[in-house]
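Please open the model in a viewer and keep the sequence panel at hand.

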Amino acid sequence: MADQSTADQPIVSLNNVGKAYGPVVSLQDVSLEIGSNEIVGLIGDNGAGKSTLIKIMTGVETPTTGEVFIRGERVDFSNYSVQRAHELRIETVYQTSSLGTKQPLWRNFFVGRPLTNAFGFIKVREQKRISEQIMRETIGFRSAGIDVNTPVGRLSGGERQGVAIGRAMHFDSDLIVLDEPTVALALSEVEKVLNFIRSIKENGRSCIYIEHNIHHVHAVCDRLIVLDRGQLVLDCEAKSMTYTELTEFLRDLHFRGDHDTKVAS
Amino acid sequence: MQGKASPTNSGPGLIRRFFQLDGASIALVFVLLILIFMITAPKAFLGYRVYMSFMATVPPPLIIALGVTLVAVAGEMDLSFPSVVAAASFVFGIMFKQWDVTWIAFLCAIAVGAGMGLVNGLVVTLLGIPSLIATLAMLFLWGGLVTVLSGGIQLAIPDIYGTAMHSIFVGRIGGVFPAQMIWALLISAFIWMLLNRHRFGESLLFIGDNLEVARVVGINATREKIKLFTLSGTLAAMGGVLLTLETTAYFSSQGMGYLLTVIAAVFIGGTSIFGGSGKVVGTVFAAFIVTVIEAGLVASGIQGFWTRFFIGFVFILSVTANAIIEDPDKVPLVRMLRTKMPSR
């Protein structure tokens with residue numbers, strides 16, 4: 001759908017990226033690409049390095065080795081930050097921590113980049129108007145008793161993900177990173193979130209979707225990436241593997257892990 | 001009104017919305033207190049003089065409390081202000097006495113307060129010491145420094161009376177109304193705007209609400225906290241100068257009396273003890289409440305020693321009430337009672 005020139009160039013590409021926290025290596029030699037208008041599932045156990053990978057892409061952490069390119073341009077980590085990632089239209093929605101629960105919706109939509117006048121005062125009325133619009137049009141909120149002044153703490157888990165995704169789309173991100181958006185959600189809420197994810201692609205954007213539940217990943221993703229103990233062990237089209245094959249692959253990984261630990265100990 | 005109303009869009013909902021207005025519930029408590037004292041101490045509380053006296057004495061702790069309110073919003077604490085008050089008072093007093101300067105002395109005093117606040121902010125953020133402990137240490141450090149520099153002396157500056165600065169800051173408008181009250185209200189309005197309408201205030205709200213969220217949305221928490229403590233120090237210095245102007249004296253333990261009352265005012269006013277929300281209007285009323293309780297009890301014939309007990313009592317009561325309003329589950333006693341109660 002997008003024109004050819006941008007479709008050819010990956011939004012993000014990683015080249016042998018590694019990250020160590022002191023002696024603890026959490027990411028090792030990872031190379032991958034995220035193209036435009038695709039939903040990529042990122043799978044891996046706790047501690048596999050998923051979060052680290054995401055934090056490097058979005059400017060929260062700096063890698064110890066390797067390089068990152070965004071739309072073909074090499075990232076200079078000395079001035080790469082969350083703001084810079086936002087400018088490059090990369091947005092992250094963390095599983096629990098991307099909304100301030102005591103703060104109203106209108107603040108949460110714009111936090112980090114409020115609409116202000118020259119003196120830094122926030123244009124509250126305008127923020128409320130736009131928030132209202134995002135709620136109704138982009139994410140289709142219709143819950144009674146919720147308006148832009150409602151503190152986010154009073155929304156359900158699925159609604160919160162909707163707010164965060166709506167925010168990301170409003171700021172015109174090309175790549176939206178979702179960190180386990182369905183964790184701890186009721187089934188009906190999960191379906192809502194999966195629909196939010198589909199709407200990301202319908203809007204011509206890309207998404208990295210980190211998830212524990214393989215069923216959800218397989219249902220919505222175009223491509224799958226599996227991390228295991230800091231290393232990339234699988235990168236394939238989602239269609240090339242059935243759900244059962246994927247489950248078996250992951251189970252084998254798991255057993256390999258058990259075996260390794262036994263040998264080590 | 002319906003009997004069992006839903007929590008929204010009905011009578012009880014309206015009442016709840018009233019109590020969610022910035023400072024509304026605390027204003028109600030204030031009015032009640034005044035009414036009670038009008039009955040128990042009519043001689044004092046039915047005349048206007050006592051109110052003029054409140055408006056002369058409350059502004060310094062109120063202005064300090066405004067700074068501490070912002071600090072509390074960010075989930076931090078600043079206990080160093082009594083020493084900042086002393087330092088600012090000393091700088092102002094000694095410069096006036098030595099060189100007969102007023103505005104330069106004022107600017108220097110404010111700069112000293114800002115500098116101390118800046119150092120507090122650096123200690124909290126760069127050394128990573130929790131601010132409650134860090135600023136308690138700085139309370140001693142700054143306090144000790146001021147005592148050493150001043151040689152432990154006291155200063156009387158009666159000559160300040162009659163200067164332009166004295167009239168502008170603490171003069172009596174129309175012979176009765178204390179000018180410092182106007183300044184305190186102006187600063188309160190400014191702090192309200194800063195917290196509720198400025199991006200700096202929004203950063204503080206998110207830092208106090210959830211530091212991790214603040215980080216991932218790109219708020220530079222370190223920088224904002226340094227600014228925050230600097231502002232708190234500046235406001236404490238302003239309070240100190242007003243106090244020195246009003247009393248025309250400096251002594252090293254000058255600010256210590258404010259330690260309890262300022263902190264009490266902040267949290268009685270409804271600012272969250274958990275961070276992430278603050279009530280500037282609440283702080284304004286609560287600063288008066290603390291003083292009114294003190295004066296009211298004495299005027300009602302209760303022994304002066306009891307005042308601290310009552311302030312402590314009101315303090316713990318209102319902090320609990322505010323916590324229940326914010327989230328009942330954060331108060332273990334209420335949570336226990338709720339789980340034991342049969343669901344209706």
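Two strands are said to pair if DSSP finds at least two bridges between them. Helices (H or I, at least four residues) and strands (E, at least two) are DSSP runs, numbered from the N terminus. The model is predicted: local features need pLDDT of at least 70, side-chain atom pairs count only at pLDDT 80 or more, and totals for chains, interfaces and linings use all residues. Residues are numbered from 1 along each chain as its sequence is written, while chains are lettered from A and ligands numbered from 1 in the order in which they are written.

Select strand S3 (residues 39-43) and strand S9 (residues 223-228) of chain A, which pair in the parallel sense over four bridges. Within this pairing, Val40(A) has Arg223(A) of S9(A) as its bridge partner.

Next, select helix H7 (residues 187-202) of chain A, which packs on the sheet and touches S3, S7 and strand S8 (206-210) of chain A. Contact here requires that the C-beta atoms of two residues, placed from the backbone, lie within 7 Å. The direction of H7 makes about 155° with that of S8(A); axes are lines fitted to C-alpha atoms, for helices over the stretch in contact, and angles run from 0 to 180 degrees between N-to-C directions.

Now display the whole open sheet, whose six strands follow the order S6-S7-S8-S3-S9-S10 (chain A) with mixed pairing. Its edges are strand S6 (90-93) and strand S10 (231-237) of chain A, each pairing on one side only. From one strand to the next, the twist averages 15°.

**Second stop: the four-stranded sheet of chain A**

Move to the open sheet with the order S2-S1-S4-S5 (chain A), where the pairing is antiparallel. Strand S2 (24-34) and strand S5 (73-74) of chain A each have a single partner strand, so one side of each lacks a neighbour in the sheet. Strand S1 (residues 12-21) and strand S4 (residues 65-70) of chain A are joined by five bridges, and Gly18(A) stands opposite Thr65(A) in S4(A).

Select Glu246(B), in helix H13 (residues 221-247) of chain B.
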